[in-house]
Amino acid sequence: MTMANNRAVVLGGSMTGLLAARILAETYDTVLVIDRDEVLGVRESRRGAPHTRHAHGLHARGHLTFESLFPGLTAELVSAGVPTGDLGEMRWFFNGRKLQPARTGLISVTAPRPLLEHHVRTRVAALPNVRFLERHDILNLVATPDRDRVVGVRVQANTGNAAEEVLDSDLIVDATGRGSRTPAWLEELGYDRPAVNRVKVGIAYTTCHYRTRPEWFDGVQSINPVASPAHPRGAFFGQVGRDLCVLSLTGILGDYPPTEPEAFLEFARTLSVPDVYEAVKHAEPLDVPQSFRFPASIRRRYERLRRFPDGLLVMGDAVCSFNPVYGQGMSVAAIEAMTLRDHLRAGTPDPRRFLASIARIIDVPWDISAGGDLDFPEVEGPRTVKVRFGNAYIARVQYAATKDATVADRYMRVAGLMDPPSALMRPGTVARVLRHAPRRPAPAPSWLADEPAPEAAQT
């Protein structure tokens, strides 16, 4: 048994775990980050994080928080060839209509996710009191005899015939993502599992990379036809390096973008607008399209548990895993990390208070993403008055944003988690929205409106 000396242990070395380690290093003598994969020096997608191959963006509030925790990170990424730009000046399409460009002052960093993680992980690993334990499986938690407190974690190297080892800790943070086993571990220790909210959206990404041609983007960072009930096929097509771009096609509820190259291109042709297809139809791909499926958004309601052991916290996707098309995950993890800092500065964190704090953080992005998904009639879930009103009003906001750059600016501030959704209900904004959309506008027709509707891709 390895004894702790004011030691915090982070389970999981992805983005949430790195942010947690960065904050914990301000308080603890030693911070140990455990991951089942090799992570140090890795710049490519790895087995434990297959979703990182697909389009990602670090937007607005998340970007500001990362820059505050890792000063100079943005300049470092730019030097490495990563594009940055104004969130509102991307080419956004909602309901088949192009939003007015808006200079919001909010930065979006469209680094490939593995590269972004590499730069952040290198910064965290350079901290003198942080150590990484790679290629180790996390077996279970170790608690005191009365099970009131978690005091360690049992691990085993996944190379060779290594023996199990118990690592003592003063605090454990579960940052293992949506596959977190904390609910099962709690049950083993005699606690209740948290209730779970699910929104089954059944989304899939299929992604291919291309060598960028200057004429494709015409000075913008990315072209994003966002899926909507009328146009459920979407795409994120953006520059991710000096001469490299990524195209991630999205489909929901079984309409999965195919991986066969010609079928992949045909799926791109069926988007609501021609911009993406016209760019890549004669392009030479740099790899073979690959898919990633995301069955449901999941929120574990830890804050509702009446009992929870001391010495254990849960963060990031281990608490709430959002539909990735909304680009919220890294930003929410960053906000949670800053909340962890607040709790540590007040003393030893009380798990139930911490979990209640991050539940309040999750409420807004959950309402945005889960509520938005419920605008699709086929998605199952309760459509409360709040959800129905919110979706009807947001459709008006999105239409007004195609006519009014000020509305586009205010909408992007909410999408970037800078402002709460209630900011869109301020009298001046409501007046602008209703001037353009007194009723919920009909979606724009597809550019292929005269062609037969596409059949769902075969899976």
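Let's start at N323, which you'll find in the loop between β21 (320-321) and α9 (329-345). Is N323 buried or exposed? With a relative accessible area of 2%, N323 is buried. Bear in mind as we go that this is a predicted model. If you'd like a sense of scale, take N323 together with P112: they are 211 residues apart in sequence, and their C-alpha atoms are 18 Å apart in space.

Please keep P112 in mind, as it takes us to the second largest pocket, where P112 is among the residues that lie nearest the centre. What kinds of residues make up the lining, by class? There are 10 nonpolar, seven polar and five charged residues. Two elements each supply at least two lining residues, namely α4 (113-125) and β17 (244-251). The largest share comes from α4, with three residues.

Now, cysteines. How many disulfides does the model have? The count is zero. Look at C208, for example: the nearest cysteine sulfur belongs to C245 and is 9.0 Å away, and C208 is in no disulfide. In case the word is new to anyone, a disulfide is a covalent bond between the sulfur atoms of two cysteines. C208 counts as buried, at 1% relative accessibility. Another cysteine, C320, is also buried, at 2%.

On to the aromatic rings. The model has nine aromatic pairs. One of them is made by F389 and Y393, and this pair is stacked, with the centres 6.3 Å apart and 0 degrees between the planes. Y393 counts as buried, since its relative accessibility is 9% and the cut-off is under 20%. There is also an aromatic cluster, formed by Y210, W216, F217 and F237.

The charged end of R178 sits over the ring of F294, 4.5 Å from the ring centre. In the case of R307, the charged end sits over the ring of Y191, and here the distance to the centre is 4.2 Å.

Next, a pair of residues with a backbone feature to look at. A60 is not a glycine, yet it has a positive phi of about 45 degrees. A60 is found in helix α2 (residues 60-69), and at 1% relative accessibility A60 counts as buried. N95 also has a positive phi without being a glycine, in this case about 55 degrees. Where does N95 lie? Its place is the loop between β5 (91-94) and β6 (97-98). N95 counts as buried as well, with a relative accessibility of 17%.

V288 is in the loop between α8 (275-280) and β18 (290-294). V288 is exposed, with a relative accessible area of 56%. Along the sequence V288 is 82 residues from T206, while in space their C-alpha atoms are 9.9 Å apart.

T176 is another loop residue, placed between β12 (171-174) and α5 (182-188). Its relative accessibility is 34%, so T176 counts as partly exposed, a class that runs between the 20% and 50% cut-offs. T176 and G48 are 128 residues apart along the chain, and 9.5 Å separates their C-alpha atoms.

The last stop is M412, in helix α12 (residues 405-415). M412 is buried, with a relative accessible area of 4%. How far is M412 from R396, in sequence and in space? They are 16 residues apart in sequence and 14 Å apart in space, C-alpha to C-alpha.

Note on methods. Residues numbered from 1 in each chain as written. Predicted model: local features only at pLDDT ≥ 70, side-chain atom pairs only at ≥ 80, totals over all residues. Heavy atoms only, no water. 1 Å grid on protein atoms, 1.4 Å probe; cavity = no way out; pocket = protein on both sides within 12 Å on 5 of 7 lines; lining within 4 Å. Helix = DSSP H or I, 4+ residues; strand = E, 2+ residues; numbered from the N terminus. Nonpolar A, V, L, I, M, F, W, Y, C, P; charged D, E, K, R; others polar. Disulfide = S-S within 2.5 Å. Buried < 20%, exposed > 50% of the residue type's maximum accessible area, 1.4 Å probe, protein only. Phe/Tyr/Trp six-rings, centres within 6.5 Å; stacked < 30°, edge-to-face > 60°. Lys NZ or Arg CZ within 6 Å of the ring centre and 35° of its normal.
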